[in-house]
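Reader: I have not looked at this one before. Can you take me through it?

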Amino acid sequence: MTGNHRNSGLTRRRALAVTGGTVAAGGLAVTGYQSAFDGALVRKDITEGKSGVPLTLRLTVVDATDGCTPVKGAAVEIWHCDAWGYYSGYTTADPGGSAPPESEDGSTANDATYLRGYQIANANGVVRFETIFPGWYTPRTCHIHVKVHTGGEKEDGTYEGGKVSYTGQLFFDDTVAEVIFALQPYSRHSGSYTTLGNDMVYDGGGASGGLLTLKAVHKADPSKGYKGSVTFAIDPDAENTGAGSGGGGGGGTPPSGAPTGTPPSGAPSENASPSASASS
């Protein structure tokens with residue numbers, strides 16, 4: 001899970017050490033990056049200055065055991081790599097192919113926390129995140145890790161306690177990824193990108209397997225960004241870590257030097273009023 005990290009004001013280098021179907025909790029058993037810190041930051045914008053194509057996520061949590069009613073107060077946690085395939089917490093791990101060192105990205109991001117965070121679901125079960133389109137690392141396709149926590153509390157800018165009711169990954173269409181990865185700064189990471197059909201985690205199930213349907217902010221200019229929305233159908237009374245659950249795909253291997261763990265599988269669709277406001 002995610003490690004006791006509080007916003008301690010560490011500088012970047014001192015810190016080194018989406019509309020589709022609905023997916024029920026369960027999903028894929030995955031070996032890959034662990035969420036690095038329990039008590040991760042509760043915030044809407046997780047970029048910390050990391051450059052990339054903007055991505056706005058609208059995520060909805062519903063109770064699969066109670067007519068898909070919204071789960072107010074659920075904490076949605078996401079984390080993903082940057083444009084060159086580096087994760088906060090593991091910035092020295094080799095993403096494969098040929099990529100500049102993570103330290104050359106020019107941002108002031110905290111190497112322990114960038115592109116990670118929580119949001120607390122509002123009365124409609126909705127959270128929103130502002131982030132960037134993830135890059136890739138060998139041998140995985142482009143993806144976002146996600147967990148839904150219930151029963152905990154927001155405290156001092158973090159979320160603590162409770163249990164994990166959903167563990168998953170979200171995926172991106174190859175045609176969209178191809179366009180994005182031709183843009184700066186993504187294009188500075190060259191090598192053999194793993195498509196959805198060859199990914200060891202994505203099960204080929206489309207929306208039911210976590211594949212996001214994305215809407216371009218400006219059709220003629222993909223650099224302006226994308227919007228995506230997903231719905232997680234969970235059992236708030238159950239605990240789901242993703243380990244040993246059903247589904248295909250096998251294990252997802254992280255870059256060389258990175259630890260292993262049991263992160264995510266996927267989920268999609270929308271079940272809340274467009275006028276619903278997310279928690280800040």
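Author: One term before the tour: a residue counts as buried under 20% relative accessible area, as exposed over 50%, and as partly exposed in between. Also, this is a predicted model.

Reader: Fine. How many helices and strands does the protein chain have?
Author: The protein chain has one helix and ten strands.

Reader: In what order do the elements run?
Author: From the N terminus on, the order is β-β-β-β-β-β-β-β-α-β-β.

Reader: What share of the residues is buried?
Author: Of the 280 residues in the protein chain, 54% are buried. The accessible surface is about 10700 Å², and carbon and sulfur atoms account for 49% of that.

Reader: Let's go inside. How many residues are in the largest nonpolar core?
Author: It has 40 residues. Those with the most contacts inside this core are Leu59, Val76, Ile78, Phe133 and Phe232.

Reader: Which elements give two or more residues to it?
Author: Those elements are β2, β4, β6, β7, β8, α1 and β10.

Reader: Take Ile78. What is it in contact with, leaving aside its neighbours within four places in sequence?
Author: Ile78 touches Ile46, Leu57, Leu59, Leu115, Arg116, Gly117, Phe129, Ile144, His145 and Val146.

Reader: Which residues are joined by cis peptide bonds?
Author: Thr138 and Pro139 are joined by one, with omega about 5 degrees. Gln184 and Pro185 are joined by another, with omega about 0 degrees.

Reader: Where are the two prolines?
Author: Pro139 is in the loop between β6 (126–132) and β7 (143–155). Pro185 is in the loop between α1 (174–181) and β9 (215–216).

Reader: Change of topic. How many aromatic pairs are there?
Author: The structure holds ten aromatic pairs. One of them is Phe133 with Phe172, a tilted pair at 4.6 Å centre to centre, with 50 degrees between the planes.

Reader: Which parts does that pair tie together?
Author: Phe133 lies in the loop between β6 and β7, and Phe172 in the loop between β8 (158–171) and α1, so the pair links parts that are 39 residues apart in sequence. Both Phe133 and Phe172 are buried. Another pair is Trp136 with Tyr193, which is edge-to-face: 6.1 Å centre to centre, 70 degrees between the planes.

Reader: Which parts does the pair of Trp136 and Tyr193 tie together?
Author: Trp136 is in the loop between β6 and β7 and Tyr193 in the loop between α1 and β9, so parts 57 residues apart in sequence are tied together.

Reader: Which residues form the aromatic cluster?
Author: Phe133, Trp136, Phe172, Phe181, Tyr186, Tyr193 and Tyr226 form one aromatic cluster.

Reader: What lies over the face of Tyr114?
Author: Lys50 does, at 4.2 Å from the ring centre.

Reader: Last one. How far apart are Thr241 and Thr167?
Author: In sequence they are 74 residues apart, but in space 5.6 Å, C-alpha to C-alpha. Thr241 is in the segment after β10 (226–234) and is partly exposed, with a relative accessible area of 36%.

Note on methods:
Residues are numbered from 1 along each chain as its sequence is written. This is a predicted model: local features need pLDDT of at least 70, side-chain atom pairs count only at pLDDT 80 or more; totals for chains, interfaces and linings use all residues. Side-chain values use heavy atoms; hydrogens and water are left out. Helices (H or I, at least four residues) and strands (E, at least two) are DSSP runs, numbered from the N terminus. Buried means under 20% relative accessible area, exposed over 50%, partly exposed in between (1.4 Å probe, protein chains only). Accessible areas come from the Shrake-Rupley method with a 1.4 Å probe; for residues, only the protein chains shown count as cover. Rings of Phe, Tyr and Trp (its six-membered ring) pair if their centres lie within 6.5 Å; planes under 30 degrees apart count as stacked, over 60 as edge-to-face and the rest as tilted. A charge sits over a ring if NZ of Lys or CZ of Arg is within 6 Å of the ring centre and within 35 degrees of the ring normal. A nonpolar core is a set of buried Ala, Val, Leu, Ile, Met, Phe, Trp, Tyr and Cys residues joined through side-chain atoms within 4.5 Å. Contact means heavy atoms within 4.5 Å.
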